[in-house]
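Here is a short tour to read alongside the coordinates.

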Amino acid sequence: MSVYVGIDVHRKRSQIAVLDEEGAVRVNRNVPNGVGPVLGVIGDLPIGAPVAFEAAYGWGWLVELLEDYGYQPHLVHPLR
């Protein structure tokens, strides 16, 4: 089963949504930023799952986390 992840990154918290291949929302959760909380939401997803997020304040830690755990980070432009 394919899944798609979108993360709205903020300074202290992030909103994480996980959708399946049919577009149904499997998870929609607001968590504090950090390795533990983010992996608590996406940690069981298949390695290589695409994760999209916008270039917002302090997104560098998220790219490192996603790459370290085998996900495919996609930096997106919020106006496109």
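## Tyr57 and its surroundings

Let us begin with Tyr57, which, apart from neighbours within four places in sequence, is in contact with Val9, His10 and Arg11. Bear in mind that this is a predicted model. You will find Tyr57 in the loop that runs between S4 and H2. Is Tyr57 buried or exposed? Tyr57 has a relative accessible area of 53%, and because the cut-off for exposed is over 50%, Tyr57 counts as exposed.

## Asp44, in another loop

Asp44 sits in the loop between H1 and S4. Its relative accessible area is 82%, so Asp44 is exposed.

Tyr57 is 13 residues away along the chain, with 26 Å between the two C-alpha atoms. Asn30 is 14 residues away in sequence, and here the C-alpha atoms are 17 Å apart.

## His74 on strand S5

Now move to His74, a residue of strand S5 (residues 72-76). His74 is partly exposed, with a relative accessible area of 35%.

Which residues does His74 touch, leaving aside its neighbours within four places in sequence? They are Pro50, Val51, Ala52 and Phe53. For Ala52, the C-alpha atom is 4.6 Å from that of His74, although 22 residues separate the pair along the chain.

## How the two helices pack

Helix H1 covers residues 35-42 and helix H2 covers residues 60-68; they pack with their axes 11 Å apart, at an angle of about 50 degrees. Because of that angle, H1 is oblique to H2. The crossing of H1 past H2 is right-handed.

On the H1 side, the contact is made by Val35, Val38, Leu39 and Ile42, and on the H2 side by Trp61, Leu65 and Leu66. Sorted by class, this contact of H1 with H2 has 7 nonpolar residues, with no polar and no charged ones.

## The nonpolar core

The largest nonpolar core has 22 residues, and those touching the most other members are Val5, Ile7, Ile16, Val18 and Ile42. At least two residues of this core come from each of strand S1 (3-9), strand S2 (13-20), strand S3 (25-32), H1, strand S4 (50-54) and H2.

Not counting residues up to four places away in sequence, Val18 touches Val3, Tyr4, Val5, Ala24, Val25, Arg26, Val27, Ile42 and Leu45. Ile42 also takes part in the contact of H1 with H2.

Notes:
Residues are numbered from 1 along each chain as its sequence is written. This is a predicted model: local features need pLDDT of at least 70, side-chain atom pairs count only at pLDDT 80 or more; totals for chains, interfaces and linings use all residues. Side-chain values use heavy atoms; hydrogens and water are left out. Axes are lines fitted to C-alpha atoms, for helices over the stretch in contact, and angles run from 0 to 180 degrees between N-to-C directions. Helices (H or I, at least four residues) and strands (E, at least two) are DSSP runs, numbered from the N terminus. Angles under 35 degrees count as roughly parallel, over 145 as roughly antiparallel, 65 to 115 as roughly perpendicular and the rest as oblique. A crossing is left-handed if the near helix is turned anticlockwise from the far one by less than a right angle, and right-handed if clockwise. Contact means heavy atoms within 4.5 Å. Ala, Val, Leu, Ile, Met, Phe, Trp, Tyr, Cys and Pro count as nonpolar, Asp, Glu, Lys and Arg as charged, and the others, Gly among them, as polar. A nonpolar core is a set of buried Ala, Val, Leu, Ile, Met, Phe, Trp, Tyr and Cys residues joined through side-chain atoms within 4.5 Å. Buried means under 20% relative accessible area, exposed over 50%, partly exposed in between (1.4 Å probe, protein chains only).
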